[in-house]
Amino acid sequence: QAGDADIAPISLVSREQVESGGGRVIFGQEGAYVWVPFVWCWADESLPCNKKEFRHALHYAIDKELIRDQLYGGPDVFQVKGWAAVTPSTVGYTPELDPFPYDPEKARQLLADAGYPGGEGVGKIILHTWQSTSVPFQTEAAQLAAEFWRRELGLDVEVRVGDSTAIREAWAAGQLNGDIIWRDNETRRDAADTLLSGYVDFESGTLRSKDPELVRRAQEVVQILDEEERAQALAEFYPVLREAGYEIGIGYVNIPWGVGPSVEAWEPYPLAPNISALHTVRLK
């Protein structure tokens, strides 16, 4: 606010303070992504989320653009792109990975195809979330998603805001089977490690599926060492996982940085949660 700092991490609510001191806000691209996994749907065939049509219905029922524009204030802060840990700077990203479009009519038809017309027979859906230090408005975004599921699909949804450590432990212990988690997670250049925890390691607390074909292909991809071959394999496999629907693609959040009045230009690296690319800083 005094204009003495050159670069500093800020929250969105600090924007006016930075600008009042003669500075401005620069956004670092792809700082964190919104991760929305279905929890252990493979553990019980009677769980509604064991059916792909049910999972897809919840994908299509969320208006991600509204969340971007009305909650986050537009694409400077939030981008409706990518799927799970795969953002545009991640190895293997292609535009076909971007989130399912908002289509409530299709969502309702898919829910009926799954055997739950109008939400009948689903029971209560629990959506877990927590206050995030890296993704602003995380709990509010989860509440909005729950409202879409109630309004468009007739589902009974309860949002539980809790402690992140406790929720992770309960997930790993198999105590949240059939629930959904709305959380932040770090972006990454190579997201193949998520294949290991999600589709290969059956002892993983965050296992998303035991589908034999998904497991086989994930095992093959993570063993590829050649960079070009690995990138191609990931680009071919990620859309298969997106179609399986065990993780809802929402988008990613850019990191706001306050820069002081003496900084003429700066281009931080994408995927960097810390101050980066200092060689690009130009002072006035």
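I began with the sheet: β5, β4 and β6 form, in that order, an open sheet of 3 strands with parallel pairing. Strands count as paired if DSSP finds at least two bridges between them. The edge strands, β5 and β6 (180-181), each pair on one side only.

The model is predicted, so I noted that local features need pLDDT of at least 70 and side-chain atom pairs pLDDT 80 or more, while totals for chains, interfaces and linings use all residues. Residues are numbered from 1 along each chain as its sequence is written, and side-chain values use heavy atoms, without hydrogens and water.

I then looked at one strand pair. β4 and β5 are joined in the parallel sense over 6 bridges, and T129 stands opposite V161 in β5.

I counted the elements next: the chain has 9 helices and 10 strands. These are DSSP runs numbered from the N terminus (helices: H or I, at least four residues; strands: E, at least two).

I turned to the nonpolar cores, which are sets of buried Ala, Val, Leu, Ile, Met, Phe, Trp, Tyr and Cys residues joined through side-chain atoms within 4.5 Å. Buried means under 20% relative accessible area with a 1.4 Å probe, protein chains only. The largest core has 48 residues, and F54, L58, W149 and W182 have the most contacts inside it. Its largest share, 7 residues, comes from α5.

Beyond its neighbours within four places in sequence, L58 is in contact (heavy atoms within 4.5 Å) with residues including F38, I125, W149 and I248. Another core, of 34 residues, lies apart from the largest one and includes A170 and I224.

Notes. Buried < 20%, exposed > 50% of the residue type's maximum accessible area, 1.4 Å probe, protein only.
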